[in-house]
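Please look over the model below before reading the notes. The points are numbered so that each can be checked separately.

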Amino acid sequence: MASHRRPKQPSRTRVTVLTTAAAAAVALSANAANAAPSEKPSKDEVKAKVDALYEQAEQATEKLNGAKEKQEKLQKEISTIQDNVARGQDDLNELRDSIGMAAAAQYRTGSIDSSLQLFLSSNPDDYLDKASTEDQLSSQQVEALKKIQEKQRELAQDRAEASEKLKDLASTRTELAKQKKSVQGKLAEAQKLLNSLTSAEKAALAAADARASRSASERVDLGDAPASSARAQAAFNAAQTQLGKPYVYGATGTASYDCSGLTSWAYGQAGITIPRTSQAQANAGTRIYSMSDLKVGDLVLFYGDLHHVGLYAGNGQVIHAPRTGTVVRYESINNMPFQFGVRI
């Protein structure tokens with residue numbers, strides 16, 4: 001006879017666990033379905049990030065320029081000191097030779113005195129301290145010994161100075177490498193962001209830059225503001241000839257420029273040497289704190305740390321090398337945080 005036993009019922013605990021698991025699975029599925037996909041940054045967001053990176057790169061560029069300038073200065077100073085040491089050593093050798101020849105002559109005649117023997121066998125610094133021995137030497141010999149003593153001190157000081165400058169040079173080269181790496185890193189990061197844009201978005205940004213970089217004859221009214229001097233006018237005229245040249249960090253012309261490279265080059269064409277970096281250029285003349293007092297050719301400093309500089313062009317415009325991806329162009333002075341002008 002067939003068995004008619006009732007099937008075993010699941011326990012209440014098992015039912016609760018299964019029900020909870022199923023509810024959780026449904027909830028997760030629903031959340032996954034409703035969750036917004038990871039949104040790609042918009043063109044404007046990318047541009048804002050890229051502009052910020054370019055500004056950081058320019059800050060690092062000015063530090064890089066400063067380190068380069070310091071390195072070049074130190075190398076020249078070290079070279080000069082080393083030349084002085086070499087010449088000084090030659091002079092010292094000649095002085096010693098002259099004393100040696102005098103001693104040899106006296107030795108041959110058997111008349112070498114004890115004071116000269118003392119000099120030849122000990123330090124002249126100690127020797128000349130013994131005043132009682134000076135009367136045993138001729139005035140010519142005393143003068144020669146004093147010159148040797150003075151030359152030895154000079155050489156010791158020069159060698160010590162060269163040693164310190166060599167240490168400074170090594171530190172400067174380390175800073176140079178650090179800033180170069182920083183600039184390259186910021187530019188690479190910016191490029192990565194730009195590469196994330198679609199072809200249409202890239203074209204739109206390029207078109208905007210192109211519009212901003214058109215020549216003065218197309219879009220800029222410079223008015224008739226006077227220059228602060230004939231040389232300031234000459235510097236401004238020189239800068240105008242570089243309109244359209246690309247921005248390249250560390251460049252000083254004439255194929256490309258960075259911001260302070262353009263201003264230092266322009267003033268160089270006017271026969272005036274100004275410092276290489278924007279921060280140093282900020283101290284190269286009289287500061288002008290009111291925009292209304294600016295004249296053509298004045299330097300114009302921007303940002304709190306003074307990492308950007310251009311030349312005043314008149315009618316509220318500056319001519320400058322803005323940043324990577326742009327060219328030398330005119331731009332409204334109000335597009336950047338004005339700090340002050342500098343009249344060279």
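**Notes on the predicted model**

1. At 42% relative accessibility, A170 counts as partly exposed; buried means under 20% relative accessible area, exposed over 50%, and partly exposed in between, with a 1.4 Å probe and protein chains only. A170 belongs to helix 5, residues 139-195. Helices (H or I, at least four residues) and strands (E, at least two) are DSSP runs, numbered from the N terminus. Q71 lies 99 residues from A170 along the chain, and 8.9 Å separates their C-alpha atoms.

2. On conventions, this is a predicted model, in which local features need pLDDT of at least 70 and side-chain atom pairs count only at pLDDT 80 or more, while totals for chains, interfaces and linings use all residues. Residues are numbered from 1 along each chain as its sequence is written, and side-chain values use heavy atoms, with hydrogens and water left out.

3. The pLDDT, the predictor's confidence in each residue from 0 to 100, averages 81 over the protein chain, and 75% of the residues score at least 70. Over residues 11-30 the pLDDT is below 50, and this stretch has 1 contact in the model beyond near neighbours in sequence; contact means heavy atoms within 4.5 Å. Residues 131-135 also have a pLDDT below 50, with 4 contacts beyond near neighbours in sequence. Where pLDDT is low, the predicted coordinates should not be read in detail.

4. Which residues have the most contacts inside the largest nonpolar core? They are F236, Y267, L299, L301, L311, I319 and Y330, in a core of 31 residues. Helix 8 (230-240), helix 9 (259-269), strand 2 (299-302), strand 3 (308-314) and strand 6 (338-343) each give two or more residues to this core. A nonpolar core is a set of buried Ala, Val, Leu, Ile, Met, Phe, Trp, Tyr and Cys residues joined through side-chain atoms within 4.5 Å. A second, separate core has 12 residues, among them Y54, A57, A60 and L205.

5. Helix 9 is largely enclosed by the rest of the structure, because 9 of its 11 residues are buried. The buried residues run through C259, S260, G261, L262, T263, S264, W265, A266 and Y267. After helix 9 comes G271, with a positive phi near 85°.

6. In helix 8 the buried residues are A232, A235, F236, A238 and A239. They fall within an arc of 160° seen down the helix axis, so they line one face of helix 8; the arc is that of the directions from the helix axis to the C-beta atoms. Their cover includes helix 9, strand 3, strand 4 (317-320) and strand 5 (329-332).

7. Strand 6 pairs in the antiparallel sense with strand 1 over 3 bridges and with strand 2 over 4 bridges; two strands pair if DSSP finds at least two bridges between them. R287 stands opposite V342 of strand 6, and V300 has G341 of strand 6 as its bridge partner.

8. Is D298 buried or exposed? D298 counts as buried because its relative accessibility is 0%. D298 sits in the loop between strand 1 (286-288) and strand 2, and its side chain reaches the backbone nitrogen of K295 at 2.8 Å. Leaving aside neighbours within four places in sequence, the contacts of D298 include S228, Y267, D293, L311 and R343. L299 also touches Y267 and L311, and its other contacts beyond four places in sequence include I274, Q281 and F340.

Technical notes. Polar contact = N/O pair within 3.5 Å; in protein donor to acceptor, adjacent residues only side chain to side chain.
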